[in-house]
2 protein chains.
Amino acid sequence: MEVNNRYVTITKHIQGSAKESDFELKVAPLGLSVEPGSNDIIVKNLCVSIDPYQLNRMKSYSSSQKTVQAAVGISPGLPIDALGVAKVLVSDNPEFVKDDLVVGFVHWGEYSVVKGGMLRKLDPKTELPLSYHAGILGLSGLTAYAGLFEICKPKKGDKVFVSAACGSVGNLVGQYAKLSGCYVVGCAGSRDKVALLKERLGFDDAFNYKEETDLNSALTRYFPDGIDIYFDNVGGDMLEAVVANMNPSGRVAACGTIAEYSDAAKRAAPNMIDVIYKRIKIQGFLAIDHMSLHSDFLSTTTEYIHNGKIKVQEDISNGVESIPSAFIGLFRGDNVGKKIVKIADE
Amino acid sequence: MEVNNRYVTITKHIQGSAKESDFELKVAPLGLSVEPGSNDIIVKNLCVSIDPYQLNRMKSYSSSQKTVQAAVGISPGLPIDALGVAKVLVSDNPEFVKDDLVVGFVHWGEYSVVKGGMLRKLDPKTELPLSYHAGILGLSGLTAYAGLFEICKPKKGDKVFVSAACGSVGNLVGQYAKLSGCYVVGCAGSRDKVALLKERLGFDDAFNYKEETDLNSALTRYFPDGIDIYFDNVGGDMLEAVVANMNPSGRVAACGTIAEYSDAAKRAAPNMIDVIYKRIKIQGFLAIDHMSLHSDFLSTTTEYIHNGKIKVQEDISNGVESIPSAFIGLFRGDNVGKKIVKIADE
């Protein structure tokens, strides 16, 4: 038996911004059988995570470049792996059987062959929407959790600033920081997002960075007592302005630099005299280094969701063919919350 | 009884580079008596430390600027405090008596009144030159020790790069790192300094950054296996090139940014994508936050000096009137090792 598998791929390595023509929806027949002894699993994908970091994987790097070693590149024409929730169709792995719901690295496509069965089984009685497992309870959530708690170590009363605060990671960082007793301000790129941050997501304050002509003085206005923690999703000018407004012993979790992903010229040049005299720490991190926190993160966050202490903010598109525009929209700030593409019903 | 006290001061706040005309040698009578109950001590200064950070204290800052909070400003016309070794002339502090040798914050001048007697007594039987207590055993040494061991946590086999490696702090960082089993490369601004690093100070390799047209490829040449630790004394282009050549989990101790002290335009813009994907930590620090290490530092370093495992590299000028040129020379790289001005014989 075989199916026609539609999946998204890139037509060539991407330089600068991503555009629709960089992507192609391919169709290929997929036989629904697995090699005995392979542990492979074939799944039907239900929803997949759409994340800005994928752009870094779509670029080409010279072999001499040590950059982005952790980001395994994506090859034109091949499927693009991404976190997703799926249903098992065929399994050679004794831990999984047909119809199991699973989460793990599948593809931006309708079906995936998961080599060696590197998947996690979901509780079939889960009451949470399946998309949560690709977003808030997936790498986006772990990134927020690890970056805030491991890198920034928030204390009650700390003044916390989050950029791209309506994004998949930022909105959660702000909510975790509020639950830790911090004062939290976020920035985003529209009035609607600012309203959402203040009214639904519980941020103490928020502003639209596009309406500010001078980020440095904007931050001085929102943080008259200085910034203790900055969760950086954007890099660029904002990082410079934050360093200028930071308190002694300030901590910056460098999580993303979306301003630089598509335009390498927009690099931040933070004042190193500030960094030294204020003993600022700027620490890059990846969620995958903090898998030891995973079970803590899952249980804590699931409980917060159940008791309403954390609001889930998702932005869902439908159909595998919507993946390219969903992805490109991330860099225009189209998404409000975690971007997910729903590919099929259960 | 009174003496004529000659001391150096600035004529106005300094913008950009320091020049001779920014300084003045003042003469003022100083009565050799102290207020009973004050704990004050009057000392005759024997030698004083000359450090680049003083330039940051000589600038003027607007009150809204949160920058350089730790650097208490220097006022035009007033004495400039600096670490030095001195001899007690008059003491109201019961812990000190006439002729005690002391180390602490005195002034760029011939005599100082030390308020409250914040000084440390030297062992009168010390066999080490007194200047060591203002340099290698003073804040320069503690800065090297704390920055390397607390911020960078060197492991055997780590690849360590030190900029301004012939400077007061850099030369020691390299020597400590060698004693920790690291591979150490330094850069400096002349062939003589490069030779000194390799031949006398035990660096594995060294280069003259002024002879390199492309710092990025120079570092790739000296560190084919990447850089694990960077002790940054200069900021600017070099910091950018280091981040590009850094290994995963690389650590940068941001100690000085001498390229930016006199030219704020020379700011480093490290690639934040590298910082994130390679999980790089850039940590500003000041030695004063690490006073808990002081006794460890003193005993370890004194032993290393005595058994020849650390070479002391000093650059001594003579006379209070030589202080301005000694200071200005730091920014031209005139000094080879720790710059000290000897003011008087014991």
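Trainee: Which residue stands opposite I282(A) in β13(B)?

Mentor: I282(B) does. Strands here are DSSP runs (E, at least two residues), numbered from the N terminus. This is a predicted model: local features need pLDDT of at least 70, side-chain atom pairs count only at pLDDT 80 or more, and totals for chains, interfaces and linings use all residues. Residues are numbered from 1 along each chain as its sequence is written, chains are lettered from A in the order in which they are written, and side-chain values use heavy atoms, without hydrogens and water.

Trainee: In which sense do β13(A) and strand β13 of chain B pair?

Mentor: Two strands pair if DSSP finds at least two bridges between them. Here the sense is antiparallel, over three bridges, and the chain B strand covers residues 281-284.

Trainee: How much area do chain A and chain B bury between them?

Mentor: The size of an interface is often given as the accessible area lost when the parts come together. Buried area uses a 1.4 Å probe and is summed over both parts. Chain A and chain B bury about 3800 Å², 58% of it on carbon and sulfur atoms. The contact (heavy atoms within 4.5 Å) takes 46 residues from chain A and 46 residues from chain B.

Trainee: How many salt bridges does the rule find across the interface?

Mentor: The rule asks for a side-chain nitrogen of Lys or Arg within 4 Å of a carboxyl oxygen of Asp or Glu. It finds two across the interface of chain A and chain B. One salt bridge joins D289(B) and R279(A), at 2.4 Å, N to O.

Conventions: Buried area = accessible area lost by both parts, 1.4 Å probe. Helix = DSSP H or I, 4+ residues; strand = E, 2+ residues; numbered from the N terminus.
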